[in-house]
Amino acid sequence: MNKKIIWILLAIASLIGLWNLIHDQSPNSDTDQDKLRYLSLAWQEQSIAANKAIVAEWNSQHPDMEVEYIQGTWNSIHDYLITTFETKETPDIFHYESAIIVDFAIRGFLADMRPYIGQEMYSDILDIAWESVTRSNGEICGIPFLMESFIVLYNREIFEKNGIEAPSFESPWTWDEMRQAALALTQDTDGDGSVDQWGVAMGLRSAANIIMNHSISFGGSFFTKENDLYTVRVGSAERPLLNLIMDMLYVERSMAPSSIGKTGAAMLPEFFSGKYAMMVGIGSWARQQIVENAPTGFRWGVIPPLKAQSQDIGINTQTLSIPSTSKRKEHAMAFISYMLNQENMALLAASDWMIPTRTSCLAMDEFRTVDDGWNIVNASVKFLQSGSWLGVPGYVEWKTRVANPIFQELFADRFTVDEAAERLETESNMVLSRYQRGGARW
Amino acid sequence: MIKKEGRITLNIKLKTLKRGARSAFIHLALMMFMIYLVFPLLWMVSLSLKPTPEIYSADPSLMPRTVSGEHYRSVLHEERVVRSILNSLYVGITSAALVVLVALPGAYALVRYKSYANNVVLGWILTSQIFPVILLMVPLYMILRSLSLTNSLLGLILVYVVWSMPFVLWMLHGYIKTIPIELEEAATIDGATRIQIVYRILVPVLLPAIGASMLFAFISAWNEFFLALVLLKSPDLLTIPVELAKFTGMEGQARTGPLAAASFIATIPSIVLFAAIQKWFSSGLVAGAVKN
Amino acid sequence: MNRHKGSGQLIFLLPVLIPVVMFSILPLLRGIYLGFTDYQLGGGIKFNGIDNYIQMLHDQYFWRSFRVGFIWTITVTAGQIVLGMVLALLLNTRIRLISIYSVLMLVPWAMPPVVRGIIWRHMYDPDAGALNMVLMSANILDKPINWLASFEYAIPAVIIAGIWGEIPKAALFLLAGLKSIPDDLYEASRIDGAGIWNEFYHITLPLLKPVLAAIISLSFMWNFNTFGLVWVLTQGGPGGLTRLPMLAAYEEAFRYGYVGYAAAIGNVMVIIVSLVLFTYLRVQYREQVLS
């Protein structure tokens, strides 16, 4: 009796296995050989629709090079890519961001795209965008198509009520002017003894990113390179921004303490309700969230990049790349060239509320209108700069392990700027040494 | 006589009063548990019924100020969600049934025959439960590919069966240990074989444990995200967690309304399944089995 | 009862064995082996003996995360077992609506993980979160607390969310255990006039011992291994306070590319957690663990 059952189970198992062998062979080869696979990270309804429309159009024109649209998500893309790099089944074209793909390229996962890029595209896309995807050896590891930078948003109604005029692009605010405005706008409007309208909010949960990108306007770079070795310095150029934030949080109390645990778009509900008069350090794409989700009649605007020594600010681009394992790199690039031609790039940028990287797109009226602050966002492109951290080996670990935790402790007022600076320097150099001296650690 | 009767009624009244107080207390305690356990679901349902601008309100309320079905419409409008629920049901139910079917004799063998194998199994359970799963993805994928089991729900089912096995095996082992051996000895004398013992005598006694194990295996499979993401390529095969993830976006933002609506829909099958299995939990079976 | 010893057991275990070897043991062996190599993403694999482990001795980040890991694991496990036990005992009574309660208790477990984190983040929001609102309207707090960004409250906050997610499993399996205790045993004690506590201590607990040992051990490992909810809530912050060891291992492999080192961390965790569990089970039960 027992034996019988074992045999039956084994027979069933092998039957299923056999059925599966026959059944699965065909669809597998279908997807692997016939179609190019394109992984997109679009997530807003309009931008998903735009992506799908472009793919459908391409497929109708190129029946021999059909593309399969794959919907990726920002939360899982990293793990997905790493796993598929290892199993050599990465989609032929994938969407990600410049801050990370350079590291992928160094590890040999990405194809060098230089041989495939057409002259028209190369000259039309901004140099600063190309810089964000170029390795030190000159290889290009992705086509930058959407640009992003941090912007400042303000509540028009609150500004008007307090007689504060938002600066024009021609005469921008300095950080100190912003700070004075914030102080004036921080109010207890209902007179219950506690502040209910904060001058400014800064989403500092992933503080390193915000601090590094904004420090550029103070001339701060954090990373310096000597004899091919990177070190971290927190000197007179890096400290002013840290001091300013600490003063606004704990001396003048004009920055909302609740915002230090949030990231960009998570601050929107309080922005809509008038609790935050300004938001510093929010991605330009967040404007779309405002247009879609704000209560009717909510009036807002964009403030030009704040000025310290300059108005420069860090750039990050979204990219399309081809894995080194792809067997059809020319085809993949042909699709990318189509996907990112002038017309389609404009469509993608508009649907995602990001800045297109083509000069010809930036010249289009739809990206220069006063509506929703496009004019200011567009004009600010000239301030975009690559950060000093571009290409620093170990930057990701430095950010997660050292910079974010130390900045979080600093902004929670658990130590002074001096102490933070000291800890940043010693701990940073410990982490960086892991990457710079052949892997030996600590 | 009258006096005595009066005392008896008084006694009964006191007893019912006591019983009433006791059950009131139990209800109260359960209510407190339910607030803690169910409140997040209520919040989710409330989000799913709010129009988008209200979701972004800085002064949210549990009861939506305006009730709107827009998110449910947009979720159900995409047939992918419905399709993925069917896929997940297939994967979840099959793997739950297989796990119990296979783990039950296994657990029984571990309790009743003691050998070196027990230590091997324990070692496997510990290692498999502690070692970071994410590091196993690549070798696992390679093995599945060599068996042509990638991009297939069957491959997914087999892996889920193996993944929830350690948990189910050890739990069932615990339950079988609590069963008095006399129960089986009587049957052995009657000439029943081991397999018969397991399926005829232990299963009725173990029904609540089997129900709990099946539910565990079902929910584990129902919620598993990363393997499904990596393994499945055809859009028609995707499971519900992979579909749900598509409502999330950058910086931890999400299309909250549709996500909440789809999540609520995805919560229902597990609840329904438990409501069905719940009958197995009604007591009485065990007492009967032992007496017989 | 122990006729044909080995072979009988093997026959019972055989159907399990094939898939287990293929989909669990082989990948595990590969993973364990990687822990003795210098494998980095994109690089070659070279055996390097115990180098990874020597490095780990000096890795302060790793040991710091281990401390948080044990605080998290012990509190969540204890919380879920104690509360799950109370809930199971309450549900093991015969009052009205009991079946509705026992279905509802499952809710946290049935909610898709992707939405759990988002909902809890909503609840802990310093401005619009339900928790601050309730506590402030009840006058327990006079100003809002920034739960997830605060160094005092971040750990308790994630633990409360963690326990919430795990209670249903504990309660369900313990309830199944309670249901398999024959009623006659309780009836006998009721005649003896034993109190509720005595009844629990002298009848329920001893009979539930194997089930309790299993659920405690399994939950302990489970909680040690899970970081998804915490990751969504705090991303390891503030100040690295909630960086659980599994999260650290994940980041080593998938973010920084040190796969060999991450596997080595996995191996060390297997050994340490196994030792903890063995000690617990030995002390608690003074018998062979899986017997």
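This is a predicted model: local features need pLDDT of at least 70, side-chain atom pairs count only at pLDDT 80 or more; totals for chains, interfaces and linings use all residues.
**Strands, helices and contacts**

Trainee: What does S1(A) form with H2 and S2(A)?
Mentor: S1(A) and strand S2 (residues 67-71) of chain A pair in the parallel sense over 5 bridges; pairing requires at least two DSSP bridges between two strands. A:Leu36 has A:Val67 as its bridge partner in S2(A). A crossover is right-handed if, with the strands pointing away from the viewer, the path from the first strand over the helix to the second runs clockwise. With helix H2 (residues 45-61) of chain A, the two strands make a right-handed β-α-β unit.

Trainee: How many residues of strand S1 (residues 36-40) of chain A are buried?
Mentor: Buried means 20 or more other C-beta atoms within 10 Å of a residue's own, with C-beta atoms placed from the backbone. S1(A) is mostly covered. Of its 5 residues, the buried count is 4.

Trainee: Which residue takes a positive phi just after H12(C)?
Mentor: Helix H12 (residues 245-255) of chain C has 11 of its 11 residues buried. C:Tyr250 and C:Arg255 are among them. Just after H12(C), a positive phi of about 85° is taken by C:Gly257.

Trainee: Which helix gives the largest share of the side of chain C that touches chain B?
Mentor: Contact means C-beta atoms, placed from the backbone, within 7 Å. On that basis, 88 residues of chain C touch 88 residues of chain B. The largest share of chain C's side, 19 residues, comes from helix H1 (residues 5-34) of chain C.

Trainee: How many charged residues does the side of chain B that touches chain A have?
Mentor: This contact takes 31 residues from chain B and 35 from chain A. Asp, Glu, Lys and Arg count as charged; Ala, Val, Leu, Ile, Met, Phe, Trp, Tyr, Cys and Pro as nonpolar; the others, Gly among them, as polar. The side of chain B divides into 15 nonpolar and 11 polar residues, and the charged number 5.

Trainee: How far apart are the C-alpha centres of domain 1 and domain 2 of chain A?
Mentor: Domain bounds come from an automatic or database domain assignment. For chain A it gives domain 1 (35-148 + 316-385) and domain 2 (150-314 + 393-436). The C-alpha centres lie apart by 28 Å.

Trainee: Which helix of chain C has the lowest mean pLDDT among its elements?
Mentor: pLDDT is the predictor's confidence in each residue, from 0 to 100. Chain C averages 88, with 92% of the residues scoring at least 70. Helix H8 (residues 154-179) of chain C has the highest mean, 95. The lowest, 71, belongs to helix H9 (residues 183-192) of chain C.

Conventions
Residues are numbered from 1 along each chain as its sequence is written. Chains are lettered from A and ligands numbered from 1 in the order in which they are written. Two residues are in contact if their C-beta atoms, placed from the backbone, lie within 7 Å. A residue is buried if 20 or more other C-beta atoms lie within 10 Å of its own, exposed if 12 or fewer, and partly exposed in between; C-beta atoms are placed from the backbone.
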